[in-house]
Amino acid sequence: VEGSVFEKKGGTLFVDLDTMGVGVVYGREFIAAHGIIKGLNLGDRIHAKIVDLDNDDGYVELSLQEAGREKQWLDLKKASKEERIVEGIVKKANTGGLVLDVDGTEGFLPASQLSFQHYPRVEGGEKEKILQELQKFIGSTLKVKILDLDPDDNKLILSEKGVETEEVKKVLAGYQAGDIVDGVIVGVVDFGAFVKFNEKGPEGLVHLSEIDWTLVTNPRDVLKPGDKVTAKIINIQLQAAGKQLL
């Protein structure tokens, strides 16, 4: 419901609910919403959730905190439906992924849904090393999309890949097969190497067979992270992880 603040007295906030009468926020609800209430002035319009239509004193008992949480979930549902990008601050990390604060609601970003740029490249997939890499993101802000949400279970699942795909598409529109690009090796695996060739994020895969004119059986014998290289784009094929072929 919506109403106007008309009095703050002691530990009670009185709200004019028009035809519904007078609403009050007091006791435990007043303490929980103290941060909100102290910034309110007489006449301010507020939204609240009804806790009791007719309490012992004849007032409509209200909760500002519950109303705030419900509004947060409604905003998140809208963002999910519109496939909008939202921002979240990384609060915690575990071996499974990152915990983000999205406008006051806690959400989980699985490691598998991290962008290719942020995914922890750990030899052998050691959990302790993966955790160390993920902990580096604590305090940073990430752009994500909502994969799934359920307010009843306080579940909010996020993805960074969806954001990455859109941004990579825009950047790749400026390239075509045959272009020569300068880049830096950012990862070496058994089947080839990954090259970052644009500061905005796209990375290309140089397959083992395309590294050199001579036979290369182990890419690590020829390339290492940090090497500067020049490559030719032979195919642009957007992958789920934002890779291209060079």
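This briefing walks through some strands, a helix, salt bridges and surface spots of the structure above.

What you're looking at is a predicted model, where local features need pLDDT of at least 70, side-chain atom pairs count only at pLDDT 80 or more, and totals for chains, interfaces and linings use all residues. Residues are numbered from 1 along each chain as its sequence is written, and side-chain values use heavy atoms, with hydrogens and water left out. Helices (H or I, at least four residues) and strands (E, at least two) are DSSP runs, numbered from the N terminus.

**Strands that pair up**

- Let's start with β2 (residues 12-16) and β3 (residues 22-26), which pair in the antiparallel sense over five bridges. (Two strands pair if DSSP finds at least two bridges between them.)
- Val15 has Gly23 in β3 as its bridge partner.
- The hairpin of β2 and β3 has five residues between the strands, and Asp18 takes a positive phi near 60° there.

**Helix α4 and its cover**

- Helix α4 (residues 127-135) has Ile130, Leu131 and Leu134 as its buried residues. They sit on the same side of α4, because they cover an arc of only 100° around the axis. (Buried means under 20% relative accessible area, exposed over 50%, and partly exposed in between, with a 1.4 Å probe and protein chains only; the arc is that of the directions from the helix axis to the C-beta atoms.)
- As a bit of background, an α-helix has 3.6 residues a turn, so residues three or four places apart point the same way.
- The cover over the buried residues of α4 includes β7 (86-94) and β8 (97-102).
- Thr95 is found in the loop between β7 and β8, and it is partly exposed, with a relative accessible area of 43%.
- Setting aside neighbours within four places in sequence, Thr95 is in contact with Lys127, Ile130, Leu131 and Leu134. (Contact means heavy atoms within 4.5 Å.)
- Thr95 and Glu128 are 33 residues apart in sequence, yet 7.5 Å apart in space, C-alpha to C-alpha.

- Val90 lies in strand β7 and counts as buried, at 1% relative accessibility.
- Leave out residues up to four places away in sequence, and Val90 still touches several others, including Leu98, Leu100, Phe137, Ile138 and Leu142.
- Val90 and Leu100 are ten residues apart along the chain, and their C-alpha atoms are separated by 4.4 Å.

**Salt bridges**

- The structure holds seven salt bridges. (A salt bridge is a side-chain nitrogen of Lys or Arg within 4 Å of a carboxyl oxygen of Asp or Glu.)
- One of them joins the side chains of Glu2 and Arg45 (3.4 Å, N to O). That pair links distant parts of the chain, with Glu2 in strand β1 and Arg45 in strand β4 (residues 45-47), 43 residues apart.
- Glu2 is partly exposed at 37% relative accessible area, and Arg45 is partly exposed at 46%.
- Glu82 and Arg84 form another, with the closest N and O atoms 2.7 Å apart. Glu82 is partly exposed at 42% relative accessibility, and Arg84 is partly exposed at 36%.
- Lys155 forms a salt bridge with Asp148, where the closest N and O atoms are 3.1 Å apart. Lys155 is partly exposed at 34%, and Asp148 is partly exposed at 35%.

**Out on the surface**

- Val1, Met20, Ile50 and Leu53 form a nonpolar surface patch, with about 330 Å² of accessible area together. (Patches are made of residues with over 30% relative accessible area and no salt bridge; like charges are joined within 9 Å, and nonpolar side chains (Val, Leu, Ile, Met, Phe, Trp, Tyr) within 5 Å. Accessible areas come from the Shrake-Rupley method with a 1.4 Å probe, and for residues only the protein chains shown count as cover.)
- Val1 is in the segment before β1 (2-9) and counts as partly exposed, at 37% relative accessibility.

**Positive phi in two loops**

- Glu83 is in the loop between α3 (64-81) and β7. Its phi is near 55°, a positive value in a residue other than glycine, and Glu83 counts as exposed at 58% relative accessibility.
- Asp103 is in the loop between β8 and β9 (105-110). Its phi is near 50°, a positive value in a residue other than glycine, and Asp103 counts as exposed at 64% relative accessibility.
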